[in-house]
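Please open the model in your viewer and keep the sequence panel beside it, as the tour moves from one selection to the next.

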Amino acid sequence: SLLTMFAALLCSAVAVDRIAPMPKECMSAVRLLQPICNKITQSFQHRFYPDNNLDNIFKNDRHYMVAVTPHGFFPWGVAMIILDCLRQGYLPNFLGASVLGSLPVAGRILRAFGYRPATPAEIRRCLQKPYPRNVTIIVPGGIHEMFCIR
């Protein structure tokens with residue numbers, strides 16, 4: 001039946017996702033999604049302060065860690081910063097809970113956009129990368145903090 005074929009296709013996709021090697025850092029190929037990314041950041045009206053041009057904020061020969069809070073259920077702020085960085089030529093790293101990289105399909109997409117597990121060793125590694133990977137984004141907190149802020 002059609003439903004059985006669809007289920008088999010989904011199971012095959014998850015199996016392939018588990019077998020294929022995961023990206024190790026933000027892939028430059030995600031820049032091909034730039035027209036879509038531009039529309040997303042425009043719809044959220046995201047911008048950096050005091051200057052929307054990252055070249056006036058970040059220098060190519062330095063390393064940066066950007067902390068984004070509050071976390072929330074889905075950290076939209078991080079997504080907008082990543083898209084802005086990609087649009088302006090950076091390939092950012094972003095640090096999050098290690099479980100994110102294990103999610104079928106979603107973990108692969110997150111890794112393609114620069115996700116790394118937030119371990120001390122990985123933080124040090126990300127903060128040593130040269131331009132265009134010299135921006136590292138971290139989202140402190142999580143679900144617990146989302147409910148305890150009130």
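Begin by selecting strand 1 and strand 4, which run parallel and are joined by four bridges. This is a predicted model, and the tour should be read with that in mind. Within the pairing, pick Met65, whose bridge partner in strand 4 is Thr136. Now show the side chains of strand 1: Tyr64 and Val66 make up its covered face, whereas Met65 and Ala67 make up the uncovered one. In a regular strand the side chains alternate between the two faces of the sheet.

Next, select helix 3, residues 76-87, whose twelve residues reach 17 Å from the first C-alpha to the last, close to the 16 Å expected at 1.5 Å a residue. Helix 3 is mostly covered, with nine of its twelve residues buried; among them are Val78, Ile82, Asp84 and Cys85. If you display what surrounds these buried residues, you will find them packing against helix 2, strand 1, strand 2 (93-96) and strand 4 (135-138). Just after helix 3, stop at Gly89, which takes a positive phi of about 100°.

Key:
Residues numbered from 1 in each chain as written. Predicted model: local features only at pLDDT ≥ 70, side-chain atom pairs only at ≥ 80, totals over all residues. Heavy atoms only, no water. Helix = DSSP H or I, 4+ residues; strand = E, 2+ residues; numbered from the N terminus. Expected span 1.5 Å × (residues − 1). Buried < 20%, exposed > 50% of the residue type's maximum accessible area, 1.4 Å probe, protein only. Contact = heavy atoms within 4.5 Å. Pairing = 2+ DSSP bridges.
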